[in-house]
Amino acid sequence: MSGILPSPDMMPIFASTKIHLHPEEFNIVSLPLSEKDRALDAFKNLEPFSSITVDHAEVSLILRAIDWETMALLFESFDAEGPYRVITFDIVLDLSLVGFLSVVSAVLAEKGISIYSLSTYLRDHILVKSFHADEAVRILDDLVLRCRDQ
């Protein structure tokens with residue numbers, strides 16, 4: 001059991017959090033910017049959970065591994081990593097909240113579990129290697145329970 005706890009003002013937030021492990025495996029993919037339009041078009045028919053981010057250097061995708069198997073054929077050049085599992089923190093988080101993911105990262109890092117974080121407008125999500133998923137959920141569930149007991 002980790003000794004890491006969030007700040008006292010953040011404990012009620014963690015205590016109210018539900019940890020949701022998505023059942024599917026996912027890939028994280030990097031495409032060159034020249035593939036942006038093709039990627040945006042391919043994403044139109046995907047089911048949740050999926051994400052596309054365009055920045056100045058790449059197009060980054062998060063999608064179910066089964067979807068990537070089909071979609072990979074559309075692209076000439078890419079880097080792909082996986083399999084990952086997505087963990088969603090099922091609580092609506094205020095955009096001004098500071099430190100939520102730092103606590104998550106610290107308790108998982110203590111056990112050697114790396115994360116790839118993704119925030120949406122309402123919720124935070126992390127991806128962990130599939131072989132770490134069950135352990136990560138146990139650690140996070142323990143964190144939530146310890147916050148409820150405080």
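## Salt bridges in a predicted model

Let's start with Asp90, which is partly exposed, with a relative accessible area of 35%. Keep in mind that this is a predicted model.

What does Asp90 pair up with? Its partner is Arg123, and the two form a salt bridge whose closest N and O atoms are 3.0 Å apart. This pair links distant parts of the chain: Asp90 sits in strand β5 (residues 79-90), while Arg123 lies in the loop between β6 (116-119) and β7 (124-129), 33 residues apart. Arg123 is partly exposed too, with a relative accessible area of 24%.

The structure holds 6 salt bridges. Here are some of them:

| Salt bridge | Closest N and O atoms |
|---|---|
| Arg123 and Asp90 | 3.0 Å |
| Arg146 and Asp142 | 3.0 Å |
| Asp41 and Lys44 | 3.2 Å |

Now for the Arg146 and Asp142 pair. Both residues belong to helix α5 (residues 133-149), and because they are 4 residues apart there, about one helical turn separates them. Is Arg146 buried or exposed? Arg146 is buried, since its relative accessible area is 11%, and the cut-off for buried is under 20%.

Last up is the salt bridge between Asp41 and Lys44. Lys44 is exposed, with a relative accessible area of 63%, so it clears the cut-off of over 50%. Asp41, at 47%, counts as partly exposed.

Conventions:
Residues are numbered from 1 along each chain as its sequence is written. This is a predicted model: local features need pLDDT of at least 70, side-chain atom pairs count only at pLDDT 80 or more; totals for chains, interfaces and linings use all residues. Side-chain values use heavy atoms; hydrogens and water are left out. A salt bridge is a side-chain nitrogen of Lys or Arg within 4 Å of a carboxyl oxygen of Asp or Glu. Buried means under 20% relative accessible area, exposed over 50%, partly exposed in between (1.4 Å probe, protein chains only). Helices (H or I, at least four residues) and strands (E, at least two) are DSSP runs, numbered from the N terminus.
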